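Here's a quick tour of a protein model, meant to be read with the picture open beside you. Take it one topic at a time and find each piece as you go.

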Amino acid sequence: MAAGLAHEIRNPLNSLFINSQLIEEMAAELPDEIAPQKEELLSLALANMKVARRLNETLSGFLRFARPSAMELDLLDLNRIVAETLCFLDVDFARRGIIPVVRHHPSELPLLADEKQLKQAILNLLLNAEEALDKEEKLIRVATGVRRGRPYVRIQDNGRGIPADERRHIFQVFFTTRRGGSGLGLPIVRRIIRGHGGSISIRSREGIGTTVTLTLLFESQFRAMFPGKQRLALPPLAGERGGLGTAAQEASR
Ligand SMILES: Nc1ncnc2c1ncn2[C@@H]1O[C@H](COP(=O)(O)OP(=O)(O)O)[C@@H](O)[C@H]1O
Ligand SMILES: [Mg+2]
């Protein structure tokens with residue numbers, strides 16, 4: 001229903017944008033003598049365009065959230081997923097003087113998961129960590145491992161932390177404390193992780209930092225938890241195809 005509403009808003013919003021654009025063009029052509037408020041008109045029209053554009057972005061984000069794409073499962077190594085996601089941010093981190101400290105579990109962590117979605121979830125967390133950094137020394141630690149028989153990835157920052165009264169809102173759609181934030185990052189992460197049978201936990205100390213842990217399922221655990229759920233989508237068991245290496249290479253082709 002909410003997605004329907006978002007679509008309903010989109011068309012009138014488009015008219016609003018186009019009309020503002022027309023007003024701006026018409027105002028620009030008015031001779032200064034007959035329109036002393038020309039500058040004011042222009043800046044009002046531009047302000048309207050900006051608001052319309054921003055609303056449109058919010059709607060797009062919401063629609064992506066409300067209508068997630070179907071899961072495409074592949075046999076993946078969590079270590080590789082984390083390493084590749086960190087690569088996206090290399091330049092960004094370097095520019096801000098952040099050197100992430102990364103510790104990978106010594107062996108592969110085979111998952112049955114949607115590569116794009118998982119990378120999106122980890123990226124959202126890394127961006128949140130980056131945005132929270134407020135001290136001279138900017139620390140982001142990333143670790144993968146196994147805890148209580150489950151694979152996890154943990155992202156830790158020494159940023160501003162999350163005040164107690166904000167904690168219960170951070171998974172609410174559109175909750176943000178950042179200028180220009182969408183408030184969709186964490187809700188998307190949680191939806192993706194739950195879709196994979198996993199969980200997310202957050203520990204934070206105000207002024208000191210935040211640790212977010214995504215706990216997932218190993219391939220075998222995933223198959224046991226979702227028996228036959230997407231039988232056709234599931235690749236055969238690792239052993240049947242000669243192990244993760246082969247399957248992962250096939251998936252990346
Ligand atoms: N690592 C973090 N450190 C401090 N605050 C955080 C962190 N991650 C999330 N938050 C808080 O949770 C809010 C919601 O995060 P998110 O859903 O990703 O939306 P956005 O990043 O667009 O604000 C953020 O605005 C911020 O207040
Ligand atoms: Mg975010």
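Let's start inside the sheet: Val 142 has Ile 155 in S5 as its bridge partner. Helix H5 packs on this sheet, where it touches S4, S5 and S7, and its direction makes about 20 degrees with that of S5. Keep in mind that this is a predicted model.

**The sheet**

- Strands of a sheet pair through backbone hydrogen bonds, and they can do this either parallel or antiparallel.
- Here, five strands make an open sheet, and if you walk across it the order is S2-S4-S5-S7-S6, with mixed pairing.
- Which strands stand at the edges? They are S2 (101–103) and S6 (199–205), and each has a single partner strand, so one side of each is left without a neighbour in the sheet.
- From one strand to the next, the twist averages 15 degrees.

**Strand pairs to look for**

- Strand S4 (residues 140–147) pairs with strand S5 (residues 150–157) in the antiparallel sense, over eight bridges.
- S4 and S5 form a hairpin, with two residues between them. Look at Arg 148 in the turn: it has a positive phi of about 45 degrees.
- S5 is also joined to strand S7 (residues 209–215) by six bridges, and these two run antiparallel.

- Two packed helices are described by the angle between their axes and the distance between the axes.
- H1 and H2: the axes of helix H1 (residues 2–29) and helix H2 (residues 38–66) come within 9 Å and cross at roughly 160 degrees. Angles over 145 degrees count as roughly antiparallel, and therefore that is how H1 and H2 are described. Their crossing is left-handed, and the residues of their contact divide into 21 nonpolar, four polar and four charged.
- H3 and H5: the axes of helix H3 (residues 78–88) and H5 come within 9 Å too, crossing at roughly 55 degrees. H3 and H5 are therefore oblique to each other, and their crossing is right-handed.
- Which residues make the contact of H3 and H5? From H3 come Ile 81, Val 82, Glu 84, Thr 85 and Phe 88, while H5 brings Glu 115, Leu 118, Lys 119, Ile 122, Leu 123 and Leu 126. By class, that contact has seven nonpolar, one polar and three charged residues.
- H5 and H7: these axes come within 9 Å and cross at roughly 145 degrees, and H5 passes H7 in a left-handed crossing.
- On the H5 side of that meeting you'll find Gln 117, Leu 118, Gln 120, Ala 121, Asn 124, Leu 125, Leu 127 and Asn 128, and on the H7 side Gly 185, Ile 188, Val 189, Ile 192 and Ile 193. The contact of H5 with H7 has eight nonpolar, five polar and no charged residues.

**Around ligand 1**

- How many residues are around ligand 1, and which come nearest? There are 22, and the nearest are Asn 128, Ala 132, Thr 176, Gly 181 and Gly 185.
- Two elements give two or more residues to this shell: helix H5 (115–132) and helix H7 (185–195).
- H5 provides the largest share of the shell, with four residues.
- Sorted by class, the shell around ligand 1 has seven nonpolar, eleven polar and four charged residues.

How values were computed: Residues numbered from 1 in each chain as written. Chains lettered and ligands numbered in written order. Predicted model: local features only at pLDDT ≥ 70, side-chain atom pairs only at ≥ 80, totals over all residues. Near = placed C-beta within 6 Å. Nonpolar A, V, L, I, M, F, W, Y, C, P; charged D, E, K, R; others polar. Pairing = 2+ DSSP bridges. Axes fitted to C-alpha atoms, helices over the stretch in contact; angles between N-to-C directions. Parallel < 35°, antiparallel > 145°, perpendicular 65-115°, else oblique. Left-handed = near helix turned anticlockwise from the far one by under 90°. Contact = placed C-beta atoms within 7 Å.
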